[in-house]
Amino acid sequence: MLINGTPYRTIWLGADGRVVEIIDQTRLPHDFVTVALTGLDDAARAIKDMWVRGAPLIGATAAYGMALAAIEDASDKGLDKAYQVLHATRPTAINLKWALDEMMAVLKPLAVKDRVDAAYERAAEICDEDSAQNAALGVHGAKIIAEQYKAKGRTINILTHCNAGWLATVDWGTALAPIYKAFDAGIPVHVWVDETRPRNQGASLTARELNWHGVPHTVIADNTGGHLMQHGMVDLCIVGTDRTTRNGDVCNKIGTYLKALAAKDNNVPFYVGLPSPTIDWTIADGVKEIPIETRSAREQTHIFGKTEDGVVHEVQVTPDGSAAVNYGFDVTPARLVTGLITERGVCEASPEGLKALFPERA
């Protein structure tokens with residue numbers, strides 16, 4: 001994707017081919033800052049402290065974290081330690097475990113001396129695969145937007161929650177990939193961007209990248225979506241997911257479930273964009289089985305913003321002494337999902353729908 005005319009991915013190798021560079025997303029939207037990751041601890045901190053976020057990008061960063069760890073200690077003991085450290089950083093996004101398992105499957109059979117080069121090669125492949133999957137996902141999802149435009153003959157209004165754009169992936173994004181593909185094809189679109197408290201990842205990240213790309217959008221308070229749907233101002237919803245069960249339940253940023261309920265009540269199509277590594281084939285019931293991350297209450301009680309003099313500050317928004325809780329995700333049952341948009345096409349959110357696209361997992 002383009003930032004001020006310069007193409008970027010969200011993760012790349014430095015000039016030496018070993019240091020891993022990322023965008024520090026905690027500094028967005030006001031400051032564009034890149035960070036160099038030089039070892040296992042850096043990679044783990046980048047994931048845990050959300051310098052990188054979004055299930056696909058978390059997986060890609062974990063893959064390169066294994067490569068950085070292999071430089072430090074490529075023995076079986078060293079790889080096992082790196083796996084455990086990285087796996088403990090974020091519990092909900094299944095891409096993290098998927099990427100770590102992919103790396104271990106490649107590295108463990110090899111001689112220790114061959115593991116570093118192989119780790120970097122497989123991590124690069126994971127990044128390229130994610131970019132290609134999301135580009136394909138975008139093509140399939142753009143067809144849905146094109147059908148809406150053909151039927152209505154006007155700008156298509158799309159509501160999204162949190163950030164599932166290219167900043168959440170290696171490139172293109174999941175929920176936003178169809179929007180970018182449709183926009184680039186000349187279809188008039190407008191995006192309602194939920195601010196997505198408590199970290200404001202819609203207002204800070206989705207709005208930032210849509211602004212960079214020139215896509216018309218409007219930032220709204222999280223509780224505005226239902227009102228817009230009641231008044232016919234939303235044509236469809238597209239969100240991302242950090243983990244999808246084999247039955248089609250989707251786990252996404254907290255508040256997604258409420259948007260799906262409002263969409264169902266107002267007959268607004270509710271789609272979820274996901275590359276296949278985000279599917280957890282080992283579980284069926286998302287509400288009962290997906291671990292929900294509880295993050296620091298400080299993310300709820302404090303907020304970053306830019307003052308009129310251009311200085312970015314953190315301020316407290318709650319009274320001293322008030323308790324706060326910060327659940328990171330919720331689960332939207334498959335019955336509320338119109339369809340799943342994947343790199344292989346669009347399917348019903350059901351075991352049958354997923355098996356039709358991924359018969360090898362049946």
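Helix H4 (94-107) and strand E13 (279-280) each give at least two residues to the lining of the second largest pocket. Helices (H or I, at least four residues) and strands (E, at least two) are DSSP runs, numbered from the N terminus. The model is predicted, so local features need pLDDT of at least 70 and side-chain atom pairs count only at pLDDT 80 or more, while totals for chains, interfaces and linings use all residues. Residues are numbered from 1 along each chain as its sequence is written, and side-chain values use heavy atoms, with hydrogens and water left out.

A pocket is defined on a 1 Å grid over the protein atoms alone, as an open set of points where a 1.4 Å probe fits, with protein on both sides within 12 Å along at least five of seven lines; lining residues have an atom within 4 Å of a point. Grid points are joined across faces, edges and corners, and a volume is the space filled by probe spheres set on the points.

The second largest pocket has a volume of about 330 Å³. Of its 15 lining residues, Trp98, Pro277, Ile279, Trp281 and Arg361 are the closest to its centre. H4 supplies the largest share of this lining, 5 residues.

The largest pocket holds about 790 Å³ of space. It is lined by 31 residues, and those closest to its centre are Thr26, Arg27, Arg199, Glu299 and Phe304. Two or more lining residues come from each of helix H7 (201-213), helix H11 (298-301), strand E14 (302-306) and strand E15 (312-316). E14 gives the largest share, 4 residues.
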